[in-house]
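The following report describes selected structural features of one protein chain. Please consult the sequence and the structure alongside the text.

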Amino acid sequence: MMDAGPYLSIHTRVCSKKLAINFPSEDILLVTASPVIKAVTNFKQVSKILEEFDVEEQPGTMLENRFPNIKIIESGVKQLKSEEHCIFTEDGSQYIYEKLCLCAGAKPKLICEGNPYVLGIRDTDSAQEFQKQLTKAKRVMIIGNGGIALELAYEIEGCEVVWAIKDKAIGNTFFDAGAAEFLTSKLISEKPEAKIAHKRTRYTTKGMKKEARTKADNVGSALGPDWHEGLTLKGTKEFSHNIHIETMCEVKKIYLQEEFRILKKKSLAFSRDHHNKSVKPDKEMWPVYVELTNEKIYGCDFIVSATGVTPNIEPFVHGNKFDLGEDGGLKVDDHMHTSLPDIYAAGDICTACWQLSPVWQQMRLWTQARQMGWYAAKCMTTDSLGDSIDMDFSFELFAHVTKFFNYKVVLLGKYNAQGLGPDHELMLRCTKGQEYIKVIMQNGRMMGAVLIGETDLEETFENLILNQMDLSSYGEDLLDPNIDIEDYFD
């Protein structure tokens, strides 16, 4: 390896760990505004590409103790000067790098900045603040239709929930209308007994100085896939689910109580039936009110803004001529290079701009962030040594496993027929309360699948999508519950 300055990775444990292993004699600097780092635990390789894991927070010292050549700089980045290969941190220091990997993630898109009744849930501290507010709440409003909104709608107990989504059905990012209907039944039924909370240590930023914590709050690392485990998400009332869903609408305006009273607006009472459109006026006064684009107004104790994220490209872009993707991320090629020399990016901050596999797409999920961080470190290593590297196989097929409404959910390939055009067909198998299986076929080949429940089909379907075998002759036998389809393809 050439004799040069330290390697530097921003806000990612995976990338810095890989570099530390590959270059044990080099200095690896990890610059982070938070005193805690995210660590993958309970890792399980479900199939060739599908990975299952938990994410927990650990103090940065654990990483430094394990890898003596890693040094953690606990400060936010103030400025990047790419031509000088230098970064300036908020504590007044500057660092020269040979190669830099930007892994600063994404930040929540709040529906309203600066409103004390609007909470965004992004990191552990904001999740705990939400839990604290919920203990005093009789009604909350959820705005958004992504993963966090789905989890909240299911996990909140003892509190009325008004859930406003811009789509026709819940979970539009992950599901079609059929899968949404399958899951919605869980929202209006009693939840099973609560699981025992995870017995594991959680580190937060509470020990930080107030000024430092304020900055960290803005850029806190994202929550793990099991973020709600161990949090008591219970309001003031003695019931399980009580949810009303407003579809095809967004937030038009937010009123505080005094403004609402002066304007003599009228709000609607909570509807006990999630299908029934509420028409009765609400006699109770609430701290905050939300007017929706469908002209309905609801009062609540507070609002949860769960409307997605945007790549956290500040302050890196100021004074630097990065090429940006349409979604605002830093464009990266198939070796995770940005458009500037010696600068790489991985995870939510970047936009994949190489020739994508026909059955892979970028989504800002923990699984992809981990894969990109690991691959970026491999690319930095091979570039430094003058070697070549093939594209990592994890980018051949989109594969994600998670849990919604206490169901195991596996998404494979073009699971919602993304970009396939009109000449595709769907095959479905559904057993109410047990499983929902959808397969996307095109020209006799499997292009994607959604598996909800304990189907045990993920590895078989992954292989069928990857090898693009012509399945025309099997017809509907592919999903016949009386046929063990795994026997066909062993």
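Is R261 buried, partly exposed or exposed? With a relative accessible area of 47%, R261 counts as partly exposed, where buried means under 20% relative accessible area, exposed over 50%, and partly exposed in between (1.4 Å probe, protein chains only).

## Basis of the model

This is a predicted model, in which local features need pLDDT of at least 70 and side-chain atom pairs count only at pLDDT 80 or more, while totals for chains, interfaces and linings use all residues. Residues are numbered from 1 along each chain as its sequence is written, and side-chain values use heavy atoms, with hydrogens and water left out.

## Salt bridges

The structure holds 13 salt bridges, a salt bridge being a side-chain nitrogen of Lys or Arg within 4 Å of a carboxyl oxygen of Asp or Glu. In one of them, the side chain of R261 meets that of E258 at 2.5 Å, N to O. Both residues belong to helix α7, three residues apart, or about one turn of the helix; helices (H or I, at least four residues) and strands (E, at least two) are DSSP runs, numbered from the N terminus. E258 is partly exposed, at 44% relative accessible area.

The salt bridge between E284 and K138 (2.3 Å, N to O) links distant parts of the chain, 146 residues apart. E284 lies in the loop between α7 (257-263) and β16 (288-292), and K138 in the loop between α3 (124-134) and β12 (139-143). E284 is partly exposed at 32% relative accessibility, and K138 is partly exposed at 30%. By contrast, E435 and R429, which form a salt bridge of 2.9 Å, N to O, are both buried: E435 has a relative accessible area of 9% and R429 one of 16%. Salt bridges with shared partners also join R139, E160 and D282 into one network.

## Nonpolar cores

In soluble globular proteins, nonpolar side chains tend to be buried together. A nonpolar core is here a set of buried Ala, Val, Leu, Ile, Met, Phe, Trp, Tyr and Cys residues joined through side-chain atoms within 4.5 Å. The largest such core has 92 residues, and W163, I170, F175, M336 and I452 have the most contacts inside it. Helix α8 (residues 366-385) supplies the largest share of this core, six residues. A second, separate core of 27 residues includes I49, V401, A417 and M446.

Apart from neighbours within four places in sequence, the residues in contact with I452 include F175, F182, Y407 and E435; contact means heavy atoms within 4.5 Å.

## An antiparallel sheet

Strands β6, β7 and β8 form an open sheet in that order, with antiparallel pairing; two strands pair if DSSP finds at least two bridges between them. Because β6 (77-81) and β8 (94-96) each have a single partner strand, they stand at the edges, and one side of each is left without a neighbour in the sheet. Four bridges join β6 to β7 (residues 86-89), and Q79 stands opposite F88 in β7.

## Backbone features

Two residues other than glycine have a positive phi: K264, at about 55 degrees, and M336, near 65 degrees. K264 lies in the loop between α7 and β16 and is exposed, at 69% relative accessibility. M336 lies in the loop between β20 and β21 (343-345) and is buried, at 0%.

A cis peptide bond joins E314 and P315, with omega about 0 degrees. P315 is located in the loop between β19 (309-311) and β20 (330-332).
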